[in-house]
Amino acid sequence: MMKHIFFSIACLSGCLSCKQNTSVSSEQPVSVIEIQSDSFFYYPIKDHIIRVDFNRHDAPSVFDYFQSIELIPLETRNESLIGQIRKILYYNDRYYTQDRQQHIVHVFDKNGKFLFKIDKRGQGPGEYPFLDDIYINPYTGRLELLCAMGFIYDYDLDGNFLEMYRVTDSHLRAVHGMIALSEDITVFYAAFEPHKVVYYDMHKKKIIHEEFEEERKLGSFTRDCFYRYNNQYHFFAPFNNRVFTVGRDHLEEAYTFDFGPYNRKGIVLSQAARQNNPPLFIDEVNAHYPCKIFTLGQNHKYVISQIAFKGVVGNLIYDKSVQKCSYIPTFLESVRLPSDMVTDEYVLGYCNPGELEEYLTEDMLDESNRKLYNELIHAAESNPIIIKYQFRQHHEESIRDDCI
């Protein structure tokens, strides 16, 4: 399916890529984060535009992209029960999960075995009222827990409380997501402020830049809006077809989804919808914004998204090597792909046991994972399951090896 064109040009590009990308980080802070090092053959996005034809439905096999699938159930014990996952970080062979219902951080090893949890909801030292985000700061090595009121609670990676501090004031009233660009500069996502991206100097304790103006209430649809690729963070919003690189002091447009007749046309919601009228608000959003991006990630070859089009959840996969974007409502196996983290080696997603059949069939798994699958779909009470899709190894790696 995915044949490479212009072999000689690709080989030349591969040689340049080999020299320029000898150590590329694949940390992914969109629902899941990982830091690793590799040296793959990297393709650009042609003209910085990904053209999507929603009138053409593709139905490739999952195995056109992936060679194997692994199930990693998060251990179910009384002390590890998860209400609803909002986010997972993967770091140093551990999964750090944020439970949006219970406001607890559960930590599991790489095989899903429960290790410990941070359950400090309250008003005392080291306690938080609720959690809106979790983040592992690469400059401090700390696990940072964010409360929307602007309080940040720092823990070490073994769950020991270190300190608490505040970043909000009368101007910046609430923050809902965060990434660190350096020891000094943190970028916050402020879902309900008019400017949703805020650059903040952590040492001087002040805002140094803010941008990305958007309808306030659209922020209520955002789950995670940052991902990391090729040593840079990227920012996206559910109802905006532009994707940005998070630069040192401002956003820089990285690429654009061209949805054709379904591109957003700057429609403003009615005054009635902006007020306390949730049904009308949802109706107007669905009418005016037919495309909603749930998750977005990128690696050396693909841009992968889970997207809703006119209320139907499917996937977009843009193959940079052949400059083609496929809109996939369902794969050949009648399943969808939960793309919460995209690395050069694999995609990670997660689901509840009752949702497992939406993403996998028994026939897609090897014998050991098939047995686990049948146990999980009949489990009455069980924690979420991480699904790991290992990419097929295509011949661009062979081209790269020949160039070295």
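Two strands are said to pair if DSSP finds at least two bridges between them. Strands (E, at least two residues) and helices (H or I, at least four) are themselves DSSP runs, numbered from the N terminus. By these criteria, strand S21 and strand S22 (residues 302-309) run antiparallel and are joined by seven bridges.

This is a predicted model, in which local features need pLDDT of at least 70 and side-chain atom pairs count only at pLDDT 80 or more, while totals for chains, interfaces and linings use all residues. Residues are numbered from 1 along each chain as its sequence is written, and side-chain values use heavy atoms, with hydrogens and water left out.

**The chain as a whole**

The protein chain contains six helices and 27 strands. Of its 404 residues, 56% are buried, where buried means under 20% relative accessible area, exposed over 50%, and partly exposed in between (1.4 Å probe, protein chains only).

**An open sheet**

Four strands form an open sheet in the order S21-S22-S23-S24, with antiparallel pairing. Strand S21 (291-298) and strand S24 (324-328) stand at the edges and have a single partner strand each, so one side of each lacks a neighbour in the sheet.

Strand S10 (residues 142-147) has five of its six residues buried, so it is largely enclosed by the rest of the structure. Strand S9 (residues 133-137) pairs with S10 in the antiparallel sense over five bridges; here Ile 136 has Leu 143 of S10 as its bridge partner. Four residues lie between the strands of this hairpin, in which Gly 141 takes a positive phi near 70°. S10 also pairs with strand S11 (residues 151-155), again in the antiparallel sense and over five bridges. Cys 147 has Phe 151 in S11 as its bridge partner. Three residues separate S10 and S11 in their hairpin, and Gly 150 in the turn has a positive phi of about 100°.

**Nonpolar cores**

A nonpolar core is a set of buried Ala, Val, Leu, Ile, Met, Phe, Trp, Tyr and Cys residues joined through side-chain atoms within 4.5 Å. The largest core has 31 residues, of which Phe 188, Phe 235 and Val 246 touch the most other members. Strands S13 (177-180), S14 (185-189), S15 (195-201), S18 (232-235) and S19 (242-246) are the elements that give two or more residues to this core. Apart from it lies another core of 26 residues, among them Tyr 65, Val 342, Leu 356 and Met 364.

**Aromatic pairs**

Rings of Phe, Tyr and Trp (its six-membered ring) pair if their centres lie within 6.5 Å; planes under 30 degrees apart count as stacked, over 60 as edge-to-face and the rest as tilted. The structure holds 26 aromatic pairs. Two of them are set out below.

| Pair | Distance of centres | Angle of planes | Type |
|---|---|---|---|
| Tyr 42 and Tyr 229 | 6.0 Å | 45° | tilted |
| Tyr 65 and Tyr 302 | 5.6 Å | 75° | edge-to-face |

Tyr 65, in the loop between S3 and strand S4 (66-73), and Tyr 302, in strand S22, are 237 residues apart, and their pair links distant parts of the chain. Both Tyr 65 and Tyr 302 are buried. Tyr 42 is buried as well, with a relative accessible area of 10%, and Tyr 229 counts as buried at 11% relative accessibility. One aromatic cluster is formed by Phe 54, Tyr 255, Phe 257, Phe 259, Tyr 262, Phe 309 and Tyr 327.
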